Structure formats: C-alpha cells, structure tokens
Amino acid sequence: YKVTGVQTCALPILQKRRNLFRKINLTLKRSVFFKHQNTAFMKLTYVTHASLLIEYKELKVLTDPWFNGPAYYNQWHVFPKPADTSFSPNVTHIILTHGHEDHLHIPTLKLMNKNAKIFFPYTWKAGTKDLLKSMGFEHIHEISSFKKIKLGEDLFMTFIVNGLDAFVIYECEGKVFVNLNDALNASHWAFVEVFTKMIRKRWKKVDLLICGLGGAKIGRAHV
C-alpha cells in the first residue's frame, strides 16, 4: 500500500502481553491507498477523531462520523478539525461502532445522505434503530458480532463486539485492515488477549491496524 501525508507519531502494536504497547515511529499522512495488480485503488482517509472515509470503486464508506459541533454537552470538541467534509452528501455507507456521542453524533449524521446504508452492531442496549429512523434514514442494519457483511463488490466488514463497544475488520481483495477505534486498546489485559487471539485465528495476516493512542478521554483522538 502507499502512504501519503505528513504527521509523525508513535502507534502501539498489539502483540504479546509483555510488549503490547511496544512503540514504533511512523510517518503518517491522511490517506492510505491499497492496490492489487490491475485493480482499482482503495483509498482510506482519516477525517478526524474516530472517523475514517473508505473509498473503493463506487463506494464511499464513512465510520463513526463526528465533526459537526461538540459532543457531551459542549465538553468534547473535535481536534484537529477535518480538512474536508464535502463528501458528506455522497456517502453510500455509514458504519457506527457504538452509541457514544463521539461515534454516533446526531448533528453530524443530519448532514449525511439519508439514502446511505447504516450498519451498527447488535448489543443488549436497544433504541439505536428507532433513533436513526427518526432522523430520516431508511436503510438501517443491526448486525451480529462476527457476521461477515458484504458492503459492495470485493469489500466486506465484520463487527466484533466488546461490551457496548465494537471494532471492525475490513477485507478487500485479499487485504485486511483492523479498526479498533477505542474499543480494545483501553480494555483490561485479559480482554485484549482474548480478542487478539480471535483476530489472529480468523485473519492470519493483518495488513493495517488502526487504533487510538489512549482511552476515551477529552482531547484524545480514537484512531
């Protein structure tokens, strides 16, 4: 894959418990491109916080959109602000990993294409589907953990639920990338070990890992 962009930071790598947060220095940019021989690019763009834009062929898949105003009674604010949100009316799919306001943000969702297909994981808390319907969305899908869903030609996703949070595995033409957002890296060690074993068993090779640098605290981006 090709990395484009300009930010230097340290990312934790999920390995064995004794070196779970071994850090490596990476130079990152806002967009990552995956390409197979003689096929189209898949472009992955970091928008802000936990929000990513996946563009593949005719698909525009947006995850955890929050960029239109503050969250949690004006206590949380997006930083850094997204460089471009003009894609909002053209989004074809919306992935909501969980119901926290910085991942399911009503003012931001109101900007989205109401014909977009929305996917969110099934948990023991109800009410998400009714909320999304009240906002005008019609294509709403509540998905069980570990159920593989086809988003479009050669692009698939799988939710893995951890309590009331969830992370997502994406597969595209043999490439696999894991988006943990804040659903695993801040969990107890025992949960981290259980879920990383599950991932390794089902997906032998992960090409890209995306996760937050800290827990759910003010000022910390979740990817």
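S12 and S13 form a hairpin with two residues between them, and Gly163 in its turn has a positive phi of about 70°. The model is a predicted one.

**Exercise 1.** Work out how S13 pairs with S12 and with S14.

Solution. 
1. Start with S12, residues 155–162: eight bridges join this strand to S13, and the two run antiparallel.
2. Within this pairing, Val161 is placed opposite Ala166 of S13.
3. Turn to S14, residues 175–181, which pairs with S13 over five bridges, also in the antiparallel sense.
4. Here Ile169 stands opposite Val178 of S14.
5. S13 and S14 also make a hairpin with two residues between the strands, where Glu173 takes a positive phi near 50°.

**Exercise 2.** Describe the second largest pocket by volume and lining.

Solution. 
1. The volume of this pocket is about 300 Å³.
2. Its lining has 16 residues, and His98, Gly99, Thr123, Lys125 and Thr128 lie nearest the centre.
3. Strand S9 (117–121), helix H2 (128–134) and strand S13 (165–172) each give two or more residues to the lining.
4. By class, eight lining residues are nonpolar, six polar and two charged.

Key
Residues are numbered from 1 along each chain as its sequence is written. This is a predicted model: local features need pLDDT of at least 70, side-chain atom pairs count only at pLDDT 80 or more; totals for chains, interfaces and linings use all residues. Side-chain values use heavy atoms; hydrogens and water are left out. On a 1 Å grid over the protein atoms alone, a cavity is a set of points where a 1.4 Å probe fits but cannot get out, and a pocket is an open set with protein on both sides within 12 Å along at least five of seven lines; lining residues have an atom within 4 Å of a point. Grid points are joined across faces, edges and corners, and a volume is the space filled by probe spheres set on the points. Helices (H or I, at least four residues) and strands (E, at least two) are DSSP runs, numbered from the N terminus. Ala, Val, Leu, Ile, Met, Phe, Trp, Tyr, Cys and Pro count as nonpolar, Asp, Glu, Lys and Arg as charged, and the others, Gly among them, as polar. Two strands pair if DSSP finds at least two bridges between them.
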